[in-house]
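Please take a moment with the sequence and the structure shown here before reading on.

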Amino acid sequence: MLGLPSPIRACLFDLDGVLTQTAKVHAAAWKQMFDAFLAARSARTGEPFVPFDPVDDYNEYVDGMPRYDGVRSFLASRGIVLPEGTPDDPPEAETVCGLGNRKNELVLALIRSQGVEAYWGSVLYLRAARDAGLRRAVVSASANAGEVLEAARIDDLFEVRIDGIVAEREHLNGKPAPDTFLAAARALEVRPGQAAVFEDALAGVAAGRAGHFGFVIGVDRVGHADALRQHGADRVVSDLGELLDP
């Protein structure tokens, strides 16, 4: 009924793009931050200004990753090296942490001004998973996951939340490493083979495969179903509601 193999006892859901319509908000915040940085760098150095692509660059370099990892990943794609800085850096600082903090300020402002909407098919699936007795966790690289869940009014549908705050506290590597998903399985007291991973990010699908989870479902919101399969998705859907079809 839920589109899952019989051994599955728990569902581990990514947040942005799987449950909530915040992936586009994150992409907009990344673009605003990186374009301002790249334009200023171009004016200073004479290098051509090539803006951040909110589809290709977002999917390839930052989607699903912890904030500072995303900054490093994209900068490396452009051959740019910046000082690391510290998490206390102001958002104006031209450091990895400074740029990451600027992106966080922008995404929070967008969430607070625009609100957060959950995908209705995902809400239906979450309720069905709960009613079927499956354990449920949300696994997100974002330190703002709790605020997003509350804004979308779906926080009560989860037993466990592994987010950026937990990852930092417990020194968990970010996706594509499987650490955060494995932590969620431990918290739900299930083995990886008994858990299904739900992801829209290539890095997240790769993490699900690397962790040897029982089933990995790729959620294709942007037309990259083949890439999700290549990174390890067992099944790809455009919405979780498809899994409820008889």
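Leaving out residues up to four places away in sequence, Ser 142 touches Asp 16, Asp 163 and Gly 164, where a contact means heavy atoms within 4.5 Å. This is a predicted model, in which local features need pLDDT of at least 70 and side-chain atom pairs count only at pLDDT 80 or more, while totals for chains, interfaces and linings use all residues. Residues are numbered from 1 along each chain as its sequence is written, and side-chain values use heavy atoms, with hydrogens and water left out.

Ser 142 sits in the loop between strand S2 (135-139) and helix H6 (145-152); helices (H or I, at least four residues) and strands (E, at least two) are DSSP runs, numbered from the N terminus. Because its relative accessibility is 13%, Ser 142 counts as buried, a word that stands for under 20% relative accessible area, with exposed meaning over 50% and partly exposed the range in between (1.4 Å probe, protein chains only).

After H6 comes Arg 153, whose phi is positive, near 60 degrees.

With a relative accessible area of 0%, Gly 98 is buried, and, residues up to four places away in sequence not being counted, Gly 98 touches Asp 89, Pro 90, Pro 91 and Ala 93. Between Gly 98 and Thr 86, which are 12 residues apart in sequence, the C-alpha to C-alpha distance is 7.8 Å.

Ala 23 lies in helix H1 (residues 23-45) and is buried, with a relative accessible area of 15%. From Ala 23 to Phe 74 there are 51 residues in sequence and 17 Å in space, C-alpha to C-alpha.

Phe 74 belongs to the buried residues of helix H3 (residues 67-77), which also include Arg 67, Tyr 68, Gly 70, Val 71, Ser 73 and Leu 75. The buried residues of H3 pack against H1, helix H2 (56-62) and H4, and H3 is followed by Gly 79, whose phi is positive, near 70 degrees.

Turning to the whole chain, the secondary structure of the protein comes to 10 helices and six strands, and buried residues make up 56% of the 246 residues. Of the contacts with a separation of 6 or more, 61% are accounted for by residues 24 or more positions apart. The C-alpha trace spans about 60 × 35 × 30 Å along its principal axes. For 246 residues, a compact globule would have a radius of gyration near 18 Å, and the protein, with 18 Å, agrees; this radius is taken over C-alpha atoms, and the globule rule is 2.2 Å times the number of residues to the power 0.38.
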